[in-house]
Structure formats: structure tokens, C-alpha cells
Amino acid sequence: MRSLTTVAAVFVIGCTKDPLPSRSEPKVAAALAFAKDPLVGPHIQNVTACVHHEKAGFDAVACKALGAWLEATDGFEDGKADEKLVKMLEQNEPKLRAMAARKLLTFGRRYRTDKALAARVLDASRAERVPAIATDLGGVVARIRASETQSFDRVRELALNHPLGEMRRAIVSGVAFFNLDMAAAFELVRDLGESSEEEMRETVVKALWEGGMARPEETCNRWRAHLDDRLSDAAAALSAKQLALWGRCQTHYDALLNSLEARAQKNNAVDDRFAQALGHICADQRAITHQRTRALSAAGELATRATVLPGVRVAALRSASTCSVGEGRALAVKLVDDENGQVREVARQLATPPR
């Protein structure tokens, strides 16, 4: 089997040979044509009057018309307007594409299983270069039923090679969940956990929460592998939390505690999710006594170290209370006069017996 890097390189070379799909021209003519449509026209006139930012998209607060567009249901249910929305995706006007991508994300249905519509969505996605639109459009791509539309190779290509990280990460966020029947979709997400991009590594860890439901053992293994992720503290912290919270990774609790204890000792728990994981272990009825004891001890060490970040100390305090109400309260009593205001406030709350 070729490595992910090798496959990615093949896709990159392939992409350079084919021209990007063209979009309809010109911008003004396209907007005017859609403005006459009885279903989308009234919304287009209002939403396109709003400012659209390349990175942030429409401002939902400033653009009231956007809310009306997103909430409109008549004519959109069950994918009835998918053909029209896909046509909007193919236009050269970014505001039309932004509107279409967001609506397909929430109301699109037919395009997910219709081979021709799915191919057009993939063409539009390949051509997209506006980050805010790519974020929504990547989610649209992830929802395509790849086995029914025979489109997985193209979805994979976009996830590996699209020039916008927003597009790639949005696809990875959902493709395994919406294609639970495809081992290849899970494998794509799993393998991208080794990406050199820090944000992609965290995206993969998040995506496995739902995308790994059909493959729990391998999902737990992947989170465990990320516990000491040297490229992404966020991926490591989220892996720790999800291992303890998912409910199907109990065989990894001792390894998780080894990692968390080492972080506590080395003052390397730089994210509050490491401390939260300790409380989740204690809250799991399937955790055994010695694991709860270890979690309580690690939480106490994190909470009492002044060199640990305040947010981590607070999370550790709360986790200690989850592990043992009595010992958690005793720990809080010791910290009611802590130099850090955030820690001091939470300690005083936890030190007060419930009425």
C-alpha cells in the first residue's frame, strides 16, 4: 500500500494537469438572474446587500437577512431546491456561493446521493478559493454518500490536496461519520492524524468522536497514540479528554493516567482538557478503584502547583471533587487563599458544603 504522502503527491500532480472548472459569467448577470427566482430571489436581494468577508463570511449580527435565509424552510425541505442551490455554487459571485454552501449544509439532501449533483458539488469545491465559503462547502462535500455516488476518490483528493486548509479540514471533520459504511473514509481521517499541520491533527481527533463509532477499538488506539503528540498540544489534550469521556476506551485508562501523571510531574499539562480527563475517568462507573485513586492524586498535584496555568488548576480542582466529594472539598479548603484569583474563587465555591 502506498503511503499517504505518496498518494497525496500523485493527486497534486494530477490536479496540475486539469484546468479548474469554469464558473458562469459575469457576476452581475448571475445575481440578477437568480434575483428573479421566486424561491431564492427575495433572499438574494437582501443578503447580497450585506458585506461578505473572505475569512469570516457574512456577519450574522450585522446581516439580518442572513438569518431569514438560513431559517427559510418552504421549498427547501428534503433537498427540493438542491438543483438550484448547486447552480448558485457554480456562479462567479462569491455571495451567491456563500449563500448556497450554507443552505446546502443544512437543507441539502438530494445532492448527497445523486451522482450528477454530487459531481457538480465536487467541481465547485475544487474551484473554490474563498476560505469562508470553503469552510461550509467542505462540510457539504463531507455529507456526500461516496459509495452511492461513486465519488470517494474525488472526495479524498480534495481532503488531501485542496489549497485551502478550511476546505480540507471541513471535509475531514465529517466524511467518516457520513460514510460509516466505508472503511476507506475512516482510514482517510485516521491517516491524516499524522499530518504535519497542527490544526489538521486536532481536526482528526475531533472527527473520530463520531466518525469512529463503527470502529471503537481503532478509534481508542488512535486517541491513545496522540496522548503525547509532539506537534499539537491541542490534539493531545483532546485525545486525553475523549479517551476518558467516550465510554468505550476503558482498557486505555491506565495508559492515559500514566501520561497525565507524567504531565503533572513535568509541569507539562498546558491545556485544561488534560485536567478534565481526570474527572471523566472518575465519573465512569466502569473505571476501577485504583484508577480513581490515581486520577484524584494527579488532580491534586495539578491543582496545588502555582506554576500550572490557572485554567488547568481550576479544571483539576473540579475533577478532584468529581473523584471524591470529601477529598475534593479538603483540597479546595487548602486553596481558598491562593494567590491566583481564578483558583481562589473556584476553591471557595467548592470548599462550601452544599446546603
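Me: Helices are DSSP runs of H or I with at least four residues, strands are DSSP runs of E with at least two, and both are numbered from the N terminus. On that basis, where is Arg129 found?

Reply: Arg129 is found in the loop between helix 8 and helix 9 (131-142). This is a predicted model, where local features need pLDDT of at least 70 and side-chain atom pairs count only at pLDDT 80 or more, while totals for chains, interfaces and linings use all residues. Residues are numbered from 1 along each chain as its sequence is written, and side-chain values use heavy atoms, with hydrogens and water left out.

Me: Is Arg129 buried, exposed or partly exposed?

Reply: Arg129 counts as partly exposed because its relative accessibility is 37%. Buried means under 20% relative accessible area, exposed means over 50%, and partly exposed is in between, with a 1.4 Å probe and protein chains only. The C-alpha atom of Arg129 is separated by 9.7 Å from that of Pro94, 35 residues apart along the chain.

Me: What about Ser125, buried or exposed?

Reply: Ser125 is in helix 8 (residues 115-127), and its relative accessible area of 0% is why Ser125 counts as buried. Neighbours within four places in sequence aside, Ser125 is in contact with Leu137, Val141, Leu158, His162 and Met167. Contact means heavy atoms within 4.5 Å.

Me: Zooming out, how many helices and strands are there in the protein?

Reply: The protein has 22 helices and two strands. Its C-alpha trace spans about 70 × 50 × 30 Å along the principal axes. Of its 355 residues, 52% count as buried. Among contacts with a separation of 6 or more, 69% come from residues 24 or more positions apart.

Me: How many residues are in the largest nonpolar core?

Reply: The largest nonpolar core has 109 residues, and Met88 and Leu317 have the most contacts inside it. Helix 6 (residues 94-107) gives the most to this core, with eight residues. A nonpolar core is a set of buried Ala, Val, Leu, Ile, Met, Phe, Trp, Tyr and Cys residues joined through side-chain atoms within 4.5 Å.

Me: Which residues does Met88 touch?

Reply: Not counting residues up to four places away in sequence, Met88 touches Phe34, Val40, Ile44, Leu96, Arg97, Met99 and Ala100.

Me: New topic. How many aromatic pairs does a search of the whole structure find?

Reply: The search finds six. One of the pairs is Phe76 with Phe107, which is tilted, at 6.3 Å centre to centre and 55 degrees between the planes. Phe76 is in the loop between helix 4 (64-71) and helix 5 (82-89) and Phe107 is in helix 6, so the pair ties together parts 31 residues apart in sequence. Both Phe76 and Phe107 are buried. The rings of Trp223 and Trp246 have centres 5.0 Å apart and planes at 85 degrees, so that pair is edge-to-face.

Me: And the cut-offs?

Reply: Rings of Phe, Tyr and Trp (its six-membered ring) pair if their centres lie within 6.5 Å; planes under 30 degrees apart count as stacked, over 60 as edge-to-face and the rest as tilted. Trp69, Phe76 and Phe107 form one aromatic cluster.

Me: Which residues is Pro216 in contact with?

Reply: With neighbours within four places in sequence left aside, Pro216 is in contact with Trp246 and Arg248. Pro216 is in helix 15 (residues 216-225) and counts as partly exposed because its relative accessibility is 30%. Between the C-alpha atoms of Pro216 and Trp246, 30 residues apart along the chain, the separation is 9.5 Å.

Me: At what angle do the axes of helix 14 and helix 16 cross?

Reply: The axes of helix 14 (residues 198-211) and helix 16 (residues 233-245) cross at roughly 10 degrees and come within 8 Å. That angle is why helix 14 is roughly parallel to helix 16. Axes are lines fitted to C-alpha atoms, for helices over the stretch in contact, and angles run from 0 to 180 degrees between N-to-C directions. Angles under 35 degrees count as roughly parallel, over 145 as roughly antiparallel, 65 to 115 as roughly perpendicular and the rest as oblique.

Me: Last one. What is phi of Asp78?

Reply: Phi of Asp78 is near 60 degrees, a positive value in a residue other than glycine. Asp78 is in the loop between helix 4 and helix 5 and counts as exposed because its relative accessibility is 62%.
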